Amino acid sequence: MRKILTLAITAIICFLLQTTVFQALKLAGISPNIILILVVSFGLMRGRTEGMLLGFFCGLLLDILYGGYLGIFAMVYLLIGYINGCFNHMFYADDVILPLGLIIANDLLLNLCIYILYFLLRNRLDFLFYLRYTILPEMIYTIVITLVLYKVLLAIHLWLKANEKRSA
């Protein structure tokens with residue numbers, strides 16, 4: 001129960017940070033994707049099941065606030081949580097390169113899905129413009145924020161893992 005409550009509170013805090021604080025800290029109209037950092041990190045640290053559930057929950061929160069259609073972000077983040085959970089066997093607490101690489105790849109994947117679902121299907125075909133002015137700046141901003149936020153998420157993961165060992 002403690003694990004579920006901690007993950008839910010962490011997801012809500014990250015959601016609130018993304019929708020309030022980082023909206024005020026936009027650089028050139030771009031804000032970092034805190035929810036993506038959370039889903040990738042916990043998918044990598046905790047495995048496929050928890051990555052999927054956290055991704056679905058966070059995606060549903062984004063669908064309710066931003067989505068034009070209910071369930072698109074939930075499905076994309078669910079898949080991102082699952083894919084990153086597959087890398088759980090390669091996770092080491094000291095390694096920062098793997099999480100950064102996964103966040104770069106997943107940010108690109110997420111933005112490609114958003115482009116296809118929200119722009120390409122509306123016959124907006126200028127992908128290079130979207131790549132240059134949205135995808136790449138968001139990716140860079142997200143990576144910079146990841147360097148700080150990942151350490152906090154890792155501390156939460158280690159705390160949860162220690163509590164699971166104590167209770168077992």
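1. F127 has a relative accessible area of 25% and is therefore partly exposed; this class falls between buried, under 20%, and exposed, over 50%, with a 1.4 Å probe and protein chains only. Y115, by contrast, is buried at 6% relative accessibility.

2. The model is predicted: local features need pLDDT of at least 70, side-chain atom pairs count only at pLDDT 80 or more, and totals for chains, interfaces and linings use all residues. Residues are numbered from 1 along each chain as its sequence is written, and side-chain values use heavy atoms, with hydrogens and water left out.

3. The whole structure contains seven aromatic pairs, a pair being rings of Phe, Tyr or Trp (its six-membered ring) with centres within 6.5 Å; planes under 30 degrees apart are stacked, over 60 edge-to-face and the rest tilted. The pair Y115 and F127 is edge-to-face, because the ring centres are 5.1 Å apart and the planes stand at 65 degrees. Since Y115 belongs to helix α5 and F127 to helix α6, the pair ties together parts that are twelve residues apart in sequence. Helices here are DSSP runs of H or I with at least four residues, numbered from the N terminus. Y115 and F127 also form one aromatic cluster with F119 and Y130.

4. The largest pocket has a volume of about 510 Å³. Its lining comprises 21 residues, of which Q18, S31, Y66, I114 and E138 are the closest to the centre. A pocket is an open set of points on a 1 Å grid over the protein atoms alone, where a 1.4 Å probe fits, with protein on both sides within 12 Å along at least five of seven lines; lining residues have an atom within 4 Å of a point. Volume is the space filled by probe spheres set on the points, which are joined across faces, edges and corners.

5. Helix α5 (97-119) gives the most to the lining of the largest pocket, with four residues. By class, this lining has ten nonpolar, nine polar and two charged residues.

6. The second largest pocket, of about 180 Å³, is lined by K3, I4, L7, A8, E50, L53, L54 and F57. Six of the lining residues are nonpolar, none polar and two charged.

7. E50, in helix α3 (residues 48-65), counts as buried because its relative accessibility is 17%. Its side chain makes a polar contact of 3.2 Å with that of K3. Beyond neighbours within four places in sequence, E50 is in contact (heavy atoms within 4.5 Å) with K3 and L7. A polar contact is a pair of N or O atoms within 3.5 Å; within protein, one must be able to donate a hydrogen and the other to accept it, and residues adjacent in sequence count only if both atoms are side-chain atoms.

Definitions and conventions. Helices (H or I, at least four residues) and strands (E, at least two) are DSSP runs, numbered from the N terminus. Ala, Val, Leu, Ile, Met, Phe, Trp, Tyr, Cys and Pro count as nonpolar, Asp, Glu, Lys and Arg as charged, and the others, Gly among them, as polar.
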